[in-house]
Amino acid sequence: MDNQEINQGRRRFLTLATAGAGGVAALGVATPFLASFFPSEKAKAAGAAVEVDVSKIEAGQLMTVEWQGKPIWVLNRTEQQQKDLASLDGKMADPNSEVEQQPEYCKNPLRSIKPNIFIAIGICTHLGCSPTYRPDVAPADLGSDWKGGFFCPCHGSKFDLAGRVFAGVPAPTNLIIPPYKYLSDTTVLVGDDK
């Protein structure tokens, strides 16, 4: 064998090895670049709709879930709580929910699809604090017109159990109702109403 044949074989091997390594390197560089065009699992979960089993919420009980990084309140109102809402109309800043703070299907006196299940974003419309659920009736610090609701201790805003804001408090509008729909009698999908 002469040196010419040996060098040709080595050249072919080195050429193919270098091309293969270059191809693997190019694939390694391209993979994260292409993957960056698709949302991460965390990003998908942050905007994804949330299923809530409302059968586990007792009458008068509030459950909080998270959707898009926001607290979502799911309240199972008692019959008495539902009846009390009508008596508060004269004390509300927007009793008929004229300001668009809810989907069209929740633009009713109870601001909900089903009378007992109330769903709202648990963020005060004044400065973004999170009000507390105060189901108790007429505590001295909330006034004699209090029939239960949500109280924002930061600046004193009050909302009834339909998320309607009382007149004369810092919060300018009712609580926001997110889009939602019922998948069954006991399961609600918050974040999607299509």
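Which residues have the most contacts inside the largest nonpolar core? Select Ile119, Phe150, Tyr180 and Val190: these have the most contacts inside that core, which has 40 residues. A nonpolar core here is a set of buried Ala, Val, Leu, Ile, Met, Phe, Trp, Tyr and Cys residues joined through side-chain atoms within 4.5 Å. Buried means under 20% relative accessible area, exposed over 50%, and partly exposed in between, with a 1.4 Å probe and protein chains only.

Before going on, note that you are looking at a predicted model, where local features need pLDDT of at least 70, side-chain atom pairs count only at pLDDT 80 or more, and totals for chains, interfaces and linings use all residues. Residues are numbered from 1 along each chain as its sequence is written, and side-chain values use heavy atoms, with hydrogens and water left out.

**Stop one: the core and S4**

Colour the strands next (DSSP E runs of at least two residues, numbered from the N terminus). At least two core residues come from each of S1 (50-53), S2 (62-67), S3, S4, S6 (149-152), S8 (180-182) and S9 (187-190). S4 gives the largest share, five residues.

Now zoom in on S4, residues 117-121, where five of five residues are buried. Ile117, Ile119 and Ile121 point one way from the strand, while Phe118 and Ala120 point the other way.

Pick Val74 and you will find its bridge partner, Ile119, in S4.

**Stop two: a three-stranded sheet**

Select S5, S6 and S7 together: they form an open sheet in the order S5-S6-S7, with antiparallel pairing. S5 (132-134) and S7 (157-159) stand at the edges with a single partner strand each, so one side of each lacks a neighbour in the sheet. From one strand to the next, the twist averages 30°, using axes fitted to C-alpha atoms and angles from 0 to 180 degrees between N-to-C directions.

S5 and S6 are joined over three bridges. To see one of the bridge pairs, select Arg134 and its partner in S6, Gly149.

**Stop three: the cysteines**

The structure holds zero disulfides.

Finally, select Cys152 and Cys154. Cys152 is buried at 2% relative accessible area, whereas Cys154 is partly exposed at 44%.

Conventions:
Helices (H or I, at least four residues) and strands (E, at least two) are DSSP runs, numbered from the N terminus. Two strands pair if DSSP finds at least two bridges between them. A disulfide is a pair of cysteine sulfur atoms within 2.5 Å.
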